[in-house]
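Subject: Structure handover

Hello,

Please find the structure below, with the sequence. My notes on side-chain contacts follow it.

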Amino acid sequence: MSSLRIAGAVSASGEPLEVLARDGRIVETVTETAAETGAGDAPVPDVLDADGAIAVPGLIDLQVNGASGWDLTDTPERLWDVAEVLGRFGVTAFAPTVITSAPAAREAALATFRAGPPPGFRGAVPLGVHYEGPMIAPGRKGAHPARWLAAPSAGLVAGWSRADGVLMATIAPELPGALEVIAALVARGVIVSLGHTEATTAQVLAAVAAGARLVTHLGNAMPPLLAREPGLVGAALGGDVLVAGVIADGVHHDPLSLRTAWRALAPGRFLAVTDTTAALGQPDGPYRLGDQDVIVADGAVRLASGTLAGSAASLSQCLRTLRDQARASLAEAVAACTATPARVVGDRSRGTLEVGARADVTLLDPQTLDPVATIVAGRVIHDARSGQG
């Protein structure tokens, strides 16, 4: 049996924390004194000295377009390469995201996911593919290419199911036929998120009644909240059903709007996402988003027109932004990157350090919140101090 003891860490609340993992699961959360003695005849664990780092559940990012120069719409066959890179950024699980594109890109991403990891893989675990589009509003397409937009139909989503690897779909609910498609996808276990939309409040509520439960990048690619027409933003902030994905990168939201969303949604309905792209971990310069060129400059990713096109942020950067701009406590900000996404995907084994959970752990520098080490299923896949991963 493989076992690992994470020693010398502290929790997000500042208390001393020791975690013992065996065969990919957390079997004990103990004090340092208790950990020294071991547990009966159990094998002596390997020890990872956290050296005062903050131990949190493995970070989960439900909107990842790419990383390290690879775009998952343009080169969907690089999904597992992106997964390995994400481990360097503290991510232990994620939703590979394919934006509006030719059907072949969606099919290739799904086939790559279903084929499973290559031999020797050490990275974040993809939870299923997120199709962001093509059933979105032309007037709110953002960085999505207009030529690949499509109307909702049973034929378009044939074969889209959780069992077949489709985790999530972003849909504009006002499009003709959208409500029927939403209900069909929900029945197949797909999480339906509302986004890139012109929907009225009534249309949003109809989609919620059909089973939609998520918002894609709140406040971006949708109408603003108005006093007599709150729309999707108002339905999320003022309602009690929708969980809102928020790109907390310091670019997509003014600090005041971020703080407003945090106060309305946290805890529990604020889902921190990066919407990160091929630019993650790369210097400023030109990259791809689907079949389009984008430019990264000063931390922002944009089309030539100036339209924001995803981000270059990591989830640990979003943690810092929530702490510094939304004025969230570290423990609450961590939950928005761990417990909340785990609950959204219905996986009780993730997003917690409780006994019995998956041994997915991220160690963070207590000052910068940069990832120090990443552990997936009790296996160290990245350690910045030793250069591993």
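The structure holds three aromatic pairs, where a pair means rings of Phe, Tyr and Trp (its six-membered ring) with centres within 6.5 Å, counted as stacked when the planes are under 30 degrees apart, edge-to-face when over 60, and tilted for the rest. One of them is formed by Trp80 and Phe121, which are edge-to-face, with 5.1 Å from centre to centre and 85° between the planes. This pair links distant parts of the chain, 41 residues apart: Trp80 is in helix α2 (residues 79-86), and Phe121 is in the loop between α3 (103-115) and β10 (125-126). Helices (H or I, at least four residues) and strands (E, at least two) are DSSP runs, numbered from the N terminus.

Trp80 is buried, at 11% relative accessible area, and Phe121 is buried too, at 14%. Here buried means under 20% relative accessible area, exposed means over 50%, and partly exposed is in between (1.4 Å probe, protein chains only).

Trp262 and Phe270 are also edge-to-face, because their planes stand at 70°, with the ring centres 4.9 Å apart. Trp262 is buried at 7% relative accessible area, and Phe270 is buried at 1%.

This is a predicted model, in which local features need pLDDT of at least 70 and side-chain atom pairs count only at pLDDT 80 or more, while totals for chains, interfaces and linings use all residues. Residues are numbered from 1 along each chain as its sequence is written, and side-chain values use heavy atoms, with hydrogens and water left out.

Now the charged contacts. The count of salt bridges is 11, each being a side-chain nitrogen of Lys or Arg within 4 Å of a carboxyl oxygen of Asp or Glu. Among them is the bridge between Glu18 and Arg5, at 3.4 Å from N to O. Glu18 lies in strand β2 (residues 16-22) and Arg5 in strand β1 (residues 3-10), 13 residues apart. Both Glu18 and Arg5 are buried.

Asp370 and Arg320 form another salt bridge, at 2.8 Å from N to O. They are 50 residues apart, with Asp370 in the loop between β21 (361-364) and β22 (371-376) and Arg320 in helix α8 (residues 315-324). Asp370 is partly exposed at 35% relative accessible area, and Arg320 is partly exposed at 22%.

Within it, the closest N and O atoms of Arg350 and Asp347 are 2.8 Å apart. Arg350 is buried, with a relative accessible area of 11%.

Regards
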